[in-house]
Amino acid sequence: FLFAQSFGFRQVMARLDGQDPPATAPLLSRIAKALDADLATLDAPDARDVAGQEDRPEADEPPLSGLAIDYMVLGSGLGTTVLRRSWAEGTDDDVRAAGQYFTLPRPPQPWRDLVMHLGDLPASGDRADRITGDAEQMFAVVSTGWDRSGDIKLRTASAPKGDATRDPTNP
């Protein structure tokens with residue numbers, strides 16, 4: 001999970017639009033740093049090192065809509081809040097030590113504000129198409145991160161460091 005999130009957020013960060021920046025840019029940076037720290041705690045590969053050449057955004061790929069990024073970043077916080085409880089109740093000390101991402105404050109009000117703002121925008125037209133299309137692209141990128149995470153094994157609490165025996169999609 002952590003690797004897929006890191007992979008997805010890193011891909012998004014590579015396509016920020018200076019003309020249409022997301023309001024969540026500072027949060028996005030904090031999320032990426034927290035994910036990096038947690039992956040390091042677990043001795044897991046860095047998502048930036050595992051991404052294949054085919055995964056790197058092309059120089060000519062257009063930047064992503066700031067509102068689409070906000071939708072993804074803030075929406076993922078809702079899911080993270082749900083998963084936080086499972087992480088907190090976990091019994092694997094190594095997994096619990098990797099808690100920067102799960103303990104990062106993610107207040108719900110920015111999500112509510114975004115939903116209200118998006119509800120005020122026209123549901124069709126170029127801007128709506130861009131926001132929707134960019135959100136779809138980001139979900140596809142996170143899906144690719146899940147695919148890549150299946151190629152990685154992490155150590156378990158009972159295995160010595162360096163013994164790759166755990167699937168990171170199911171810590």
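**Entry 1. Confidence**

I note first that pLDDT is the predictor's confidence in each residue, on a scale from 0 to 100. A contact, as I use the word, means heavy atoms within 4.5 Å. The structure is a predicted model, in which local features need pLDDT of at least 70, side-chain atom pairs count only at pLDDT 80 or more, and totals for chains, interfaces and linings use all residues. Residues are numbered from 1 along each chain as its sequence is written, and side-chain values use heavy atoms, with hydrogens and water left out.

I looked up the chain average and found a pLDDT of 84, with 80% of the residues scoring at least 70. For residues 154-159 the pLDDT stays under 50, and the model has 28 contacts beyond four places in sequence for them. Residues 162-171 also have a pLDDT below 50, and this stretch has 32 contacts in the model beyond near neighbours in sequence.

**Entry 2. Overall content**

I took helices (H or I, at least four residues) and strands (E, at least two) as DSSP runs, numbered from the N terminus. The protein chain has eight helices and zero strands, in the pattern α-α-α-α-α-α-α-α along the sequence.

For burial I used relative accessible area: buried is under 20%, exposed over 50%, and partly exposed in between (1.4 Å probe, protein chains only). Of the 171 residues in the protein chain, 43% count as buried. I also checked the sequence range of contacts: among those between residues at least 6 apart in sequence, 73% join residues at least 24 apart.

Two packed helices are described by the angle between their axes and the distance between the axes. The axes are lines fitted to C-alpha atoms, for helices over the stretch in contact, and angles run from 0 to 180 degrees between N-to-C directions.

How do helix 4 and helix 8 cross? The axes of helix 4 (residues 66-88) and helix 8 (residues 126-149) come within 8 Å and cross at roughly 45°. The two helices are therefore oblique to each other; the classes are roughly parallel under 35 degrees, roughly antiparallel over 145, roughly perpendicular from 65 to 115, and oblique for the rest. The crossing is right-handed, meaning that the near helix is turned clockwise from the far one by less than a right angle, with anticlockwise giving left-handed.

I listed the residues that meet: Leu67, Ala68, Ile69, Tyr71 and Met72 in helix 4, and Arg127, Ile131, Asp134, Ala135, Met138 and Phe139 in helix 8. By class, this contact has nine nonpolar, no polar and two charged residues (nonpolar: Ala, Val, Leu, Ile, Met, Phe, Trp, Tyr, Cys and Pro; charged: Asp, Glu, Lys and Arg; polar: the others, Gly among them).

**Entry 3. Helix 2 against helix 4**

Helix 2 (residues 25-41) packs on helix 4 at an angle of about 45°, with the axes 10 Å apart. That angle makes helix 2 oblique to helix 4. Helix 2 passes helix 4 in a left-handed crossing. Leu27, Leu28 and Ile31 in helix 2 meet Ile69, Val73 and Leu74 in helix 4.

Leaving aside neighbours within four places in sequence, Leu67 contacts Leu114, His117, Leu118, Leu121, Arg127 and Ile131. Leu67 and Ile131 are 64 residues apart in sequence, and their C-alpha atoms are 6.5 Å apart.

Ser76 also lies in helix 4 and, at 17% relative accessibility, counts as buried. Not counting residues up to four places away in sequence, Ser76 touches Gln5, Phe9, Tyr101 and Arg106.
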